[in-house]
Amino acid sequence: MFAALPMLGLSIIAVPALAQVRAVPAQPASEQAALRGVEVFLVNETEAPIADAGPRQIEVTAADGTRLMLERTPGPTPTIAPHGFAKARYVPVGVAGVALPPAAQHRPAEIPEQETVVQSSTGSSSGLLARFEPHEPVYGAFGLSDAGGKLQLSFAVRPFAEDAPLQLGNLRFAYTQTMFWALNEPSGPFRSTNYAPELYADIPVDESTRVAIGWRHDSNGRGELDSVDINRIFLRGEKTFDLGSDWRLDVAPQAWVYVGNSGTFHDMKEYFGYTGLAASIQQKDGIKLALTARGNVKTGRGAAEAFVSYPLRRLGGGLGIYLFGQAFTGHGEALDRYNVNDTHARIGIAFTR
């Protein structure tokens, strides 16, 4: 009734022999690596589509020789095309037949505590780089006429280890800086810069849902007479939908309230509003389309920004960057122009997306 399928040193149990769907797991380096989740390919070797979520449990041998019992995480049952494949995610439930306690079955991978040292012609630099993660896209894009150049740097960092008390492991500090380069003007000055530090808690609800609550400051960095800045307490949720064939859809609605002063200009709420939405659809190692929007329903003012990106390594040459397009329409692309309606399109490269 059931068949064992040995593949590349990995033994698989509880596979229905009649399903004719072959489960091919990636080999984890160790038990610790498997705690992040092990990707399993479900291969349909028949001439007809099959709806199959894969075996409930599989047994694998890690690269370091540790035997692991993995269990499939909850998720929709995919329909696998003839001679096609789907992906499933498995997490450890035992080591060499010994069951792990429930807390250990679902604990996140630990962040390495060791600092990373990089040697270069400027000398050695070091940091706890494993604690850094992408935040908003990091890119440089350029357009015609007054669109000029738009450069953005962004990162998030985890100040505490994931197992820190009081849920401090969910805390993030993030920083985003967006610069507008007036290439159409003599000497090409940077006409404006947006600065945006954030402090928030990023809380996982389940495998596909997260909630964040925190504070964000947006400022143009100017003096008292022409300062444009706002402070917001925000609540954001994100839901990921697995569309199959390495495609995913992310939807993240957001709402906020204003706190403190808003520089010299006190009507920014009319343009920034109280709600926003971000959505993206992408294929892993493929194209990504993203859209962010915010606005004030009462005044009818707001803005939307679209992004499209594609990994250039897919074109050969080993390039580790993305071809990147960006377009904005609405109010407040630069905080200095929060009450001006602009429409700009640019193209360039990105390092994160």
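Serine 145 is found in the loop between β14 and β15, the latter spanning residues 149-157. In this predicted model, serine 145 has a positive phi of about 55° although it is not a glycine. The residue counts as exposed, because its relative accessibility is 55% and the cut-off for exposed is over 50%.

A positive phi is also found at serine 245, again in a residue other than glycine, with a value near 55°. Serine 245 lies in the loop between β19 (229-244) and β20 (247-258).

Aromatic contacts were examined next. The structure holds 11 aromatic pairs. One of them joins tyrosine 139 and phenylalanine 307, whose ring centres are 6.3 Å apart. The planes of these two rings stand at 65°, so the pair is edge-to-face; the cut-off for that class is over 60 degrees. Tyrosine 139 belongs to strand β14 (residues 138-142), and phenylalanine 307 to strand β23 (residues 301-311). The pair therefore ties together parts that are 168 residues apart in sequence. Tyrosine 139 and phenylalanine 307 are both buried. Elsewhere, Phe132, Phe155 and Tyr175 form a cluster linked by ring pairs.

Arginine side chains also meet aromatic rings. Arginine 232 lies over the face of tryptophan 256, at 4.7 Å from the ring centre. Arginine 236 places its charged end over the ring of tyrosine 200. Here the distance to the ring centre is 5.6 Å.

Note on methods: Residues numbered from 1 in each chain as written. Predicted model: local features only at pLDDT ≥ 70, side-chain atom pairs only at ≥ 80, totals over all residues. Heavy atoms only, no water. Phe/Tyr/Trp six-rings, centres within 6.5 Å; stacked < 30°, edge-to-face > 60°. Helix = DSSP H or I, 4+ residues; strand = E, 2+ residues; numbered from the N terminus. Buried < 20%, exposed > 50% of the residue type's maximum accessible area, 1.4 Å probe, protein only. Lys NZ or Arg CZ within 6 Å of the ring centre and 35° of its normal.
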